[in-house]
Amino acid sequence: MHLDHPHHGPAAVSADAHRPDGSRRALRIGLGGPVGSGKTATVAALCRALRDELSLAVVTNDIYTREDAEFLLREAVLPPERIAAVETGACPHTAIRDDISANLEAVEDLEDTVGPLDLILVESGGDNLTATFSKGLVDAQVFVIDVAGGDDIPRKGGPGVTTADLLVVNKTDLAPYVGSDLARMAADAKAQRAGLPVVLQSLRGGTGVADVAAWVRERLAAWTA
Amino acid sequence: MSRAALLVLADGRFPAGGHAHSGGAEAAVKAGRITSAAGLEDFCRGRLHTAGLVAGALAAAAVLGVPPGDLDAAADARTPSPALRGAARRLGRQLVRAARASWPSAELDALARDFPKGAHHPVVLGVTARAAGLAPVDAAYCALYESVSGPATATVRLLSLDPFEATGVLARLAPELDRAADTAVEAARWALDEGAGALPAASGPLLELGAEWHAGWPVRLFAS
Amino acid sequence: MTAAGVRAHARIVARADGRGGTALPVLDGAGPLAPRRTRASGDGARVMLVGAMSGPLGGDRFRVEARVEEGARLSVGSAAATLALPGQAKGEARYAVRLDVARGAELHWLPEQLISAAGSDLSVTTRAEVAAGARLVLREEQVLGRVGEEPGRLTSRLTVRVAGRTVLDQELRCGPGAPGGWDGPAVLAGHRSVGQLVVVRPEFAERPAEARTLGECAALMPLAGPAVLVSAVAPDALALRRVLDEALALLG
């Protein structure tokens, strides 16, 4: 009987595309993946690539409160008020999937304090291959793995690898040193993902984060259309 | 009313942010005051009869219809640590979100509107229980149980404590929790007539001091 | 047992004398609670509570009231620590402190420690009503047991209201018969001295004090109102006093 007032106060429905004032909220993209695969480096590179054309902010979910946030601050990829850290109680996957309330608070606070925003990147704490973001928290998710973590990860699959909207195979420059077969990783990923896109990237050379940035721009175009 | 609503609300998986808070256990573990299941039990017993009792009475009073604004001010006065007041309001705001999705009600809408930064968690818990058709004693149980289950779960993670031992601690505290729930409801009924000042004000100095100490750490696993 | 216990009542009223000083038109009390005017420093009045007998004992009822009227300044101390002892009369002893500070007035309430001796049973309630624009420094220290003995049972509730709004309401219960866990890691963890220092200043409304910790067992905490609480636990009374003094100095 009270459902006819959906926009009183903070949005009650997390996936609601509108803010309490009726304006469209920012697109939220989650970045997840195992420890050390290069999530934070990818977030930093994305911020540098997009910050001049978009209004953006970042939420980090490190296992220890502020490590990733501090990294982004040190790298000065965004002003400090655009970076928020969420504590996860030693359970980073819970904070992005099962109980997203603290992350929702963080993204809404960012929109309130530094908005209007076009894009919010939500970075998960390093976790396992089953950790995915709730659709109530993000509109799209990127799963970041790397060649050094073993070239059999795409074949093994798991929810992150198979269902993420974008799979990033990072650190391709290291493949010759760790004996990873890039062609095999690409083929396995393709087989696992039923047509969903895969990007192989090295942030140390070549086109860097350009492919991921292009994918983000496409997402944003679809979101604001 | 639906008694089963209590199970939904008290479920540790209810998505209201509690999992990221240790209820002071992270500070107590680091200070070396919790090193075993026995230490956890002592900690939980102390928290039950102090912060837990106050939370239980606040929640029960909210179900009885004591104005949330009065209860929120009473909670402020009973929480000298600014770190704990901040944590209680953040948890309150997170609970309001989950509660409005679960039991839509005009009172929860008003609470979200009147406290944009969040009301104290036990007050929101009481208004939620009211919206769910629960009784004052249900809200008191919920608040009291959370006051001990949070630290128990956190200690399992912090000390790699045997989870069976931690659950045993909670089970052993059950009879005391029953009595505390009765005390909380009785106090809440007083508050209905006498005002929120009549609510219990039991305090644990080390809970407040530990929370301030914890808030200053650059690196921690839990939000409080 | 028919012994009824002692009833004692002390009253202090401080009033601006119109010449920049403070007069004490009311200074009542006898026996265990005798207030004495002592040499003042500056323009405030100074009073010392002199206990002519030990106490409070079981069944006793003590009450101290101090009212500081508009523009007056009063400082109250005690000549010695208050020692709660077991009594002949049944039941708990009660000690009520009621402080009232008017607009533009200032009260420093700095008694010596309350010692809860083994076998004693005391309930203390301290209520301070502070008007908008008034100033208060209030210190309470509880020592649980004399050296080497178990503490008695102690309930201590401290309520501070500023401009009609409660900014602090805290109750500590400890000793035999107190709710479980009182000496555990959430409450006292074996510490035998515990203290509270409340400072109310109108300027905190504009510029709240910064929260800070003084080690792991003491903290200066801005309250939800123009006041701060310094809370501390310590192994003994001396260490406690040191940290409370340090915190007061930090506030300037």
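A polar contact is a pair of N or O atoms within 3.5 Å; within protein, one must be able to donate a hydrogen and the other to accept it, and residues adjacent in sequence count only if both atoms are side-chain atoms. Across the interface of chain C and chain B, 11 residue pairs, both at pLDDT 80 or more, are in polar contact. This is a predicted model: local features need pLDDT of at least 70, side-chain atom pairs count only at pLDDT 80 or more, and totals for chains, interfaces and linings use all residues. Residues are numbered from 1 along each chain as its sequence is written, and side-chain values use heavy atoms, with hydrogens and water left out.

**Elements and classes**
- Strands S14 (165-174), S17 (218-222) and S18 (227-234) of chain C each give two or more residues to the side that touches chain B; strands are DSSP runs (E, at least two residues), numbered from the N terminus.
- S14(C) gives the largest share of that side, eight residues.
- By class, that side of chain C has 21 nonpolar, eight polar and five charged residues.

**Contacts and area**
- Contact (heavy atoms within 4.5 Å) joins 34 residues of chain C to 32 residues of chain B.
- The buried area, which is accessible area (1.4 Å probe) lost on being put together, summed over both parts, is about 2,600 Å².
- Carbon and sulfur atoms give 63% of that area.
- In chain C, Pro185(C), Ala186(C) and Glu216(C) lose the most area to chain B, together 25% of what that side buries.

**Salt bridges**
- The rule (side-chain nitrogen of Lys or Arg within 4 Å of a carboxyl oxygen of Asp or Glu) finds two salt bridges across this interface.
- Arg33(B) pairs with Glu216(C) in a salt bridge, with the closest N and O atoms 2.7 Å apart.

**Other chain pairs**
- Chains B and C share the most contacts of the two pairs of chains in contact.
- Chain A and chain C have no contact; their closest C-alpha atoms lie 20 Å apart.

Terms used. Chains are lettered from A and ligands numbered from 1 in the order in which they are written. Buried area is the accessible area (1.4 Å probe) that two parts lose on being put together, summed over both. Helices (H or I, at least four residues) and strands (E, at least two) are DSSP runs, numbered from the N terminus. Ala, Val, Leu, Ile, Met, Phe, Trp, Tyr, Cys and Pro count as nonpolar, Asp, Glu, Lys and Arg as charged, and the others, Gly among them, as polar.
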